[in-house]
Amino acid sequence: MRKHELTLFFLLTIASSLLLFAGAALADDKKITAIFINNTPLEIMWVKLNANTEEGSGSMGGGFNAPPGTDCGLGFGGAVELTEINLDMGLYRFKFTDLSALKGHNQLNLGVGLDDKNIPFLEFKAEGNAEPLRVKGELSNILPDKIEKIVPLSELLHTETMAEVRKVAEGHVRDMEKGKALELVVEAGGQLWLASVLADGDSGSVISDYKEEEAKPGVIVMRIEKKESTIQAAFETVYAMGMRPWFMQFKEGTEMNTTAMLKMREEEPDLEKARQRTLDAFLTSRPQNYPGSIGVLLIPEQAYKDALKDKPFRAAGWLIRCSNSIVLELRFIPDCSALVSNTK
């Protein structure tokens, strides 16, 4: 696993994502490893592999944060041949179904790119071939072609079951992973975001008898194109909820090494100055041609005071993150106490 995956924010992704492993039981003596090198201005946020196996077929997937110039990968135990690759690139999805060029290869280093007509491709250099092979795919926008329903963020945050999430969207949701994640269009800060609502892991979302009317909403991942206006909207949204910065993390380089971790209670204890400093850091984030990211954890004022006194608490928080990609991520965390404890 690549270094840039093993961060506080990636651990949050692992804890809240639906790690996908479906189909026949897979044997250990077969394995296909796929590494994706991001050569696009987008960000690899989710990878799903479908494959034929010795026992039938199966799927494997996981969440990542791989900005331009970095890579991420999955090892699929039991896989004999990949049949489909799906990449969530933050603002778009790439789908590859004709994978005949990859047949017979168990170690795949795949360059992910976009041609001059915005057609996605995977580039693979097979042993003995002078030129790399290209696998062309399909591109689709994360937002629906026709937006039927826009849900205010405040309404979404007041839902108590996944069935209620579907109801506030009047049924205009995209079912992901058999309904254990629902996608809908949300308005926040005067901007339209794609929101992915993940069923809470403690409510049965990872077991076979998942029931939408009982499962609680968990982490909500929202994304939008990164611009000054959308960065402003993200911070205005969380600041209006009374949130304040707790911890900032800066990473850079192809391995996404951490270069700075700022404990805002020490760096800038004044609330308004801390908020402005955090916003300014995002507005001046690094250019596209050099890998790097910035993330900030924001928590309620009372949780902030409790954390300073080492008092236990349970409270919702927010994570805002962007990189040298054109994707901005706003993430709702139902309980941020563990993250606060790990960043004291």
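Which residue lies over the face of Phe121? Read on through the close-ups to find out. This is a predicted model, where local features need pLDDT of at least 70, side-chain atom pairs count only at pLDDT 80 or more, and totals for chains, interfaces and linings use all residues. Numbering starts from 1 along each chain as its sequence is written, and side-chain values use heavy atoms, with hydrogens and water left out.

**View A. Arg134 sits over the ring of Phe121.** Here's the answer: Arg134 lies at 3.6 Å from the ring centre of Phe121. A charge counts as over a ring if NZ of Lys or CZ of Arg is within 6 Å of the ring centre and within 35 degrees of the ring normal.

**View B. Phe235 and Tyr239 make a tilted pair.** Rings of Phe, Tyr and Trp (its six-membered ring) pair if their centres lie within 6.5 Å; planes under 30 degrees apart are stacked, over 60 edge-to-face, and the rest tilted. That rule gives four aromatic pairs. In this one, the centres are 5.6 Å apart and the planes sit at 55°, so the pair is tilted. Both residues are buried (under 20% relative accessible area, with a 1.4 Å probe and protein chains only).

View C. Trp246 is buried, and so is Tyr304. Arg244 also shows up here, over the face of Tyr304 at 3.7 Å from the ring centre.

Methods. Buried means under 20% relative accessible area, exposed over 50%, partly exposed in between (1.4 Å probe, protein chains only).
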